[in-house]
Amino acid sequence: MGLTYDAIVIGAGANGLVAAATLGRSGMRVLVVEAGGSTAGQARLHEFAPGFRVPPLRPDPGWLPPPIRSALGLEGPGLERDHPEFPLTVALGPDELFPLPRDPAAAMEVIRRHSPADAERWPDFMTRLRSLAGFLESLYQLPPPDVSARSLQDAWALFRTYRAFRRLGRRGMAELLRTIPMPVAQLAEEWFEAGPLRAAVAAGGVLDYRLGPRAGGTAFILLHHLVGAPPGTIRGRGTWRTGPNAFTEAAGEVARRWSVSVRTGDAVARILVRDHAVRGVVLETGEELHARYVLSTLDPARTLLGLVDPAWLDAELLHAVRNIRFRGCTAVVLYAMDALPGKVGADDASAALAGVLSLTPDMDALERAADAVKYGEVPARPHIELTAPTLHWPWLAPEGKHIVTARVQYVPYRRRDGRPWDAAAGDALADAVGDVIEGFLPGFSNRVLARATLTPADIERRYGLTEGAISHGELALDQILFMRPVPALSRYVTPIDGLYLCGAGTHPGPGVPGGPGWLAARRLLADRR
């Protein structure tokens, strides 16, 4: 007989640690089991060259909902943010950058060089986006609405959602309902005439999404990634001041304060179920750990198709879970740099790399890149976004050196020729990415000391993400809110008594660190009462 706990949490990333801390605070005896050698999940540092460390998957720390910060006492300098002056810059060529400053007046001056009419529209556009993203902020602090409202508790949650919607006003409600299903390309074209500005807006609507900017629902993805962003920002929510994993470190400290135990380097092989109820987990070593509740931060497919005996789930639910669309399409190329690029024409490339530097100045080029992945091909001109995390945290690299991270879309998880993503294929991808970067930042390759490539297949192996999907499941309109991951599982509860889902594959999804974990833990506590 193994050790006995009240609850076992699978995964020591942001959601797992927040869920564990929430349960520990209620007096439960909680164990967190993590397969990796350390906590932090996707924020875990990866040393890809001697002395060069970086979390490859999370350049944007996301939005920390205020109720989580307040309920768990997550305070301190580590959870303060720095915001770059230029959150997003578009490279127009080897001699010109198009920076979008956070300050609206400064942004208008930059935009005016390309289109005076667009400059005048910019403040209204940003105000509109801020309002719509603000509604999502309200929604993301609540459990997903249960449209059937079978209980008083469910009816109250539905009413709170309706009340937040009503606060938008008549015009705002109409604009929200119109905007969410829109292609982000249509949104950009309705507001602006300058091609680079349209491309800047559109790129935010396809983050980790396999379709291009002319696909329906991509305007929602733009809004989703603007939740919690400071006013004037079209991309990014700043950085944690003390380090990329500051949040998980703080959440881990809170969890330990409430006597939560954490075991790293132990992978769960299966979830124990008897008589339709959870009894604990079995580790890959064969050790059994017993608990009344199990919460999994793994994506829904990994949890229900990989760790649970299908005999405990009905065929209809299994079919729905198998049909969740993951479709990872993002690769990452990491560069250890002797120095960062200097000037690009009259502009400072280093200032741009403190935020996001997009190498796709044309929206049609973004769409063509998405077309290639539909057929299992890497586009001739992939969409690449560069950041330099060492501009915020110099200690990630040896003194005087830097790291540049290239996020690459669209890279298929399954290649058309059927060949695997082996080292040779990864090197070929990195070569193609390097050629694109060199075209915009001449001399970049001469500064590279080492590089490493993570294809979607590598991301799947390293982080346990189905099909390399960083999002734990696409943020398509049929996979959000009360339909995430599937309607039957949308409120964190599974048909197995005591088994809960609490990863980014559940509401509110990726980019809200601790949000799914906190809501799932609160649901468990309500059920327990």
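Ala, Val, Leu, Ile, Met, Phe, Trp, Tyr, Cys and Pro count here as nonpolar, Asp, Glu, Lys and Arg as charged, and the others, Gly among them, as polar. The model shown in every view is predicted.

**View 1. Lining of the largest pocket.** By these classes, the lining of the largest pocket is made up of 24 nonpolar, 17 polar and 9 charged residues.

**View 2. The open sheet of 7 strands.** The strands follow the order S7-S6-S16-S17-S18-S13-S19, with mixed pairing. Strand S7 (96-100) and strand S19 (448-454) are the edge strands; each has a single partner, so one side of each lacks a neighbour in the sheet. On average, neighbouring strands of this sheet are turned by 20° against each other, direction ignored.

**View 3. Strands S13 and S18, with helix H15.** Residues 331-337 form strand S13 and residues 402-409 form strand S18; the two pair in the antiparallel sense over 7 bridges. Within this pair, alanine 336 stands opposite isoleucine 403 of S18. Helix H15 (residues 423-440) packs on the sheet, where it touches strand S6 (88-93), strand S17 (383-387), S13, S18 and S19. The direction of H15 makes about 65° with that of S13.

**View 4. The largest cavity.** Among the 4 cavities of 30 Å³ or more in the structure, the largest has a volume of about 640 Å³. Of the 43 residues that line this cavity, Arg58, Pro59, Asp60, Pro61 and Val356 lie nearest its centre. Strands S17 and S18 each contribute at least two lining residues, and S17 supplies the largest share, 3 residues. The lining of the largest cavity divides by class into 22 nonpolar, 13 polar and 8 charged residues.

**View 5. The second largest cavity.** This cavity holds about 60 Å³ of space. Its lining consists of Met126, Leu129, Arg130, Leu226, Ala229, Pro230, Pro231, Gly232 and Thr233. By class, 6 of these residues are nonpolar, 2 are polar and 1 is charged.

Definitions and conventions. Residues numbered from 1 in each chain as written. Predicted model: local features only at pLDDT ≥ 70, side-chain atom pairs only at ≥ 80, totals over all residues. Heavy atoms only, no water. Pairing = 2+ DSSP bridges. Helix = DSSP H or I, 4+ residues; strand = E, 2+ residues; numbered from the N terminus. Axes fitted to C-alpha atoms, helices over the stretch in contact; angles between N-to-C directions. Contact = heavy atoms within 4.5 Å. 1 Å grid on protein atoms, 1.4 Å probe; cavity = no way out; pocket = protein on both sides within 12 Å on 5 of 7 lines; lining within 4 Å. Points joined across faces, edges and corners; volume = space filled by probe spheres on them.
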